[in-house]
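I opened my notebook to go through this structure piece by piece and to write down what I looked up. The entries follow the order in which I went.

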Amino acid sequence: MFKSAYLNQVYASLSQRYSDQPEFLQAVEEFVSSIDVMVDKDPRIQQNAIIERIVEPERNIKFRVSWVDDKGKVQVNRAMRVQFNSAIGPYKGGIRFHHSVNESIMKFLGFEQTFKNSLTGLPMGGAKGGSDFDPEGKSDNEIMRFCQGFILELYRHIGPRMDVPAGDLGVGAREIGYMYGMYKRIENEFSGTFTSKGIESGGSLGRAEATGYGLCYFVEEMLKTYKNDSFKNKRVIISGAGKVGLMAAVKVHELGGKVVGMSDLSGVIHDENGMDLELIKTLSKTSALVMNQYKSYHPEAIYSPINADIWKIPCDIAMPCATQNEIYIESAKDLVANGCWLVAEGANMPTTIEATQYFRDNNILFAPGKAANAGGVAVSGLEMTQNAMFLNWTFKEVDAKLHEIMENIFKKCYEASLIYTGKPDDLVAGANIAGFLKVYYAMLQQGV
Ligand code: NDP
């Protein structure tokens, strides 16, 4: 499957050991395919078992969370924190609360996070955590009790220089607030052990916008470099209307593009007048299901309850910002057939390997999430710096730093692609190789 016999052997044994972890294997396969071009040229990689070590988490903490619901009944959930790699800094990565959370998904996310964090240039290792607890439909008090129970176990494994969690699917400022509050009570210290905190609790201005805005800054660099162009008058579709998708839509609009389609779990809206982002923001305050309400405010818009229909809307740029594996080969074909020429991943691994290959075969410019959605964790890194220095930067300062970081990430991916593949636009390979090199050199320096 790969050119390198060493990689074939490592991947075969990994697939055998973790045959029940498809998302994790998918993430490793994509990574290994990219570094295939350089691994055999550097014998130290095999000699030091770098790949065998990099695909195994340093630690995986699994625990039970018991909590009491509003009816007085005890509920039990399963949780874990995968501390993947700390070669270049303390573990850093989000926490996800969703019924789908399992070891495969946590490991794929922690693995990807390692390289994403490396690309930001900031000293952060990779981790991910979560629970199969679903905040949807729970009261505020139930969420608080669950978060407190979660931290009652996790607190002993995290700390400002050890492991700094953040938000993800199902975990926003409210959940972070409850977790940080409990952590602070136990440890009796005000240290920046969580990021994405509320501003009053030591959070950074610009963190809420960072992933979506950063995604657009990355795409701006692609448009400038490959097309001598900008977002002006581009038709954009965005799946997901959550923390990432909505902020990406706001920035696209600001940069002169037009968002003509968005989706959430309730369905898809196609609005040729441009999506009404203020309406989405307002409706989101009271419900997670917004798209099925949109049409009653804009009767001219087209609604579909089928999530994959978003990829049938004619566009120039598609930004999958909802969840993993949302673009399968059929949707990739729909996108290409309807004129899309740039795909930028706001979510983590939203495109399957087959669909990614289809985009490459059809010369579609492709921004992998590992690089393009790194703005969120980059500003989390800036939040850690502000907490450590006991000062707050303005929104403008944070946004300017984010812009610079995203430009640099693009530059690193572009250069690695050119040097190692001979092509300037294989950003998947570029991101994997550039992200890997820093972690690899640090591992080498630190011995076995
Ligand atoms: P949110 O929970 O805030 O938003 C997710 C959005 O996607 C919601 O609108 C949700 O709909 C929608 N959604 C979920 N599943 C589907 C689906 N199958 N089809 C269509 N829409 C769907 O999460 P985030 O925005 O924080 O995260 C989105 C993705 O981005 C995840 O992959 C995450 O790992 C990644 N990411 C997030 C970062 C961050 O800073 N938040 C940083 C880097 C990556 P509904 O509201 O109806 O549930």
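**Entry 1: the sheet**

I began with Arg81, which stands opposite Gly129 in β4. Before going on I noted that this is a predicted model, in which local features need pLDDT of at least 70 and side-chain atom pairs count only at pLDDT 80 or more, while totals for chains, interfaces and linings use all residues. Residues are numbered from 1 along each chain as its sequence is written, and side-chain values use heavy atoms, with hydrogens and water left out.

Strand β2 (residues 74-85) is joined to strand β4 (residues 126-131) by 6 bridges, and the two run antiparallel; two strands pair if DSSP finds at least two bridges between them. I also found Ile61 opposite Arg81 in β2, and between β1 and β2, again antiparallel, there are 10 bridges. These two strands form a hairpin with 5 residues between them, and Gly72 in the turn has a positive phi of about 85°.

In what order do the strands of the open sheet lie? I read the order as β1-β2-β4-β3-β5, 5 strands with mixed pairing. At the edges are β1 (59-68) and β5 (163-166), each of which pairs on one side only. On average, neighbouring strands of this sheet are turned by 20° against each other, direction ignored.

**Entry 2: helices**

Helix α5 (residues 103-119) lies across β1, β2, β3 (91-97) and β4, and runs at about 150° to β4. Axes here are lines fitted to C-alpha atoms, for helices over the stretch in contact, and angles run from 0 to 180 degrees between N-to-C directions.

Next I looked up helix α6 (residues 140-154) and helix α7 (residues 173-187), which pack at an angle of about 45° with their axes 8 Å apart. That makes α6 oblique to α7, since angles under 35 degrees count as roughly parallel, over 145 as roughly antiparallel, 65 to 115 as roughly perpendicular and the rest as oblique. Among the residues that meet are Ile143 and Phe150 in α6, and Tyr178 and Met182 in α7; contact means heavy atoms within 4.5 Å. The residues of this contact divide into 11 nonpolar, 1 polar and 4 charged, where Ala, Val, Leu, Ile, Met, Phe, Trp, Tyr, Cys and Pro count as nonpolar, Asp, Glu, Lys and Arg as charged, and the others, Gly among them, as polar.

For helix α8 (residues 207-227) and helix α16 (residues 395-421), I noted axes that come within 9 Å and cross at roughly 45°, and α8 and α16 are therefore oblique to each other. By class, their contact has 12 nonpolar, 3 polar and 5 charged residues.

**Entry 3: domains**

Finally I looked up how the chain is divided: domain 1 (5-54), domain 2 (59-190) and domain 3 (208-372), with bounds that come from an automatic or database domain assignment. The centres of domain 1 and domain 3, taken over C-alpha atoms, are separated by 32 Å, and 5 residues of domain 1 are in contact with 6 residues of domain 3.

Methods:
Helices (H or I, at least four residues) and strands (E, at least two) are DSSP runs, numbered from the N terminus.
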